Amino acid sequence: ETDVQVVIAGAGALRIELEQKEESMRLTTVVLCGEIIETNRTMEAFDVTVITSAWEPFGIVGLESQSMAIPVVAFDIGGLPEVIAGGVTGILVPPADIHAMTASVCRLLADPISRDTMGRSGRARVLDNFDSRLTSAAVFDHYRALTSRSD
């Protein structure tokens, strides 16, 4: 017996299918919350964020989670390896390997010290590398370099 609660966020095309599965399987520990408006308030309760996307060009959810010191378990696809430092800020598993994902989530749930360490590392990584002020300044500098003329 476990006291794990699963929160599935989003209002995409699979919502009806997920609702039907939740009902038919009588899942009492799954919450389908739809689109999250107050992300920080919702995510404060998370111990781990799991990203199950088959494709993710960048991974904003991974950044949001790490900024709140929440470790991330995700498939090693698309831009997620740029956002999540595997073994440091979370765990990256082979694409579509649901068994590896399940084992990784269970391992983190059972190990609060690793969760805390990865969470703190993730927060530091986001602040050091993905702070919007830093990225905005870098983009501005890049555009300035592109538009300046050297005669």
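What share of the contacts in the protein chain with a separation of 6 or more comes from residues 24 or more positions apart? The answer is 46%, where a contact means heavy atoms within 4.5 Å.

## About the model

This is a predicted model, in which local features need pLDDT of at least 70, side-chain atom pairs count only at pLDDT 80 or more, and totals for chains, interfaces and linings use all residues. Residues are numbered from 1 along each chain as its sequence is written, and side-chain values use heavy atoms, leaving out hydrogens and water.

## Fold and extent

Read from the N terminus, their order is β-α-β-α-β-α-β-α-β-α-α-α. The C-alpha trace spans about 70 × 35 × 30 Å along its principal axes.

## Burial

Of the 151 residues in the protein chain, 26% are buried, meaning under 20% relative accessible area with a 1.4 Å probe, protein chains only (over 50% is exposed, in between is partly exposed).

## An aromatic pair

Now to the rings: the whole structure holds one aromatic pair.

The partners sit 72 residues apart: Phe 58 in the loop between strand E3 (49-51) and helix H3 (60-67), and Phe 130 in the loop between helix H6 (112-129) and helix H7 (132-147). Phe 58 counts as partly exposed because its relative accessibility is 31%.

Notes
Helix = DSSP H or I, 4+ residues; strand = E, 2+ residues; numbered from the N terminus. Phe/Tyr/Trp six-rings, centres within 6.5 Å; stacked < 30°, edge-to-face > 60°.
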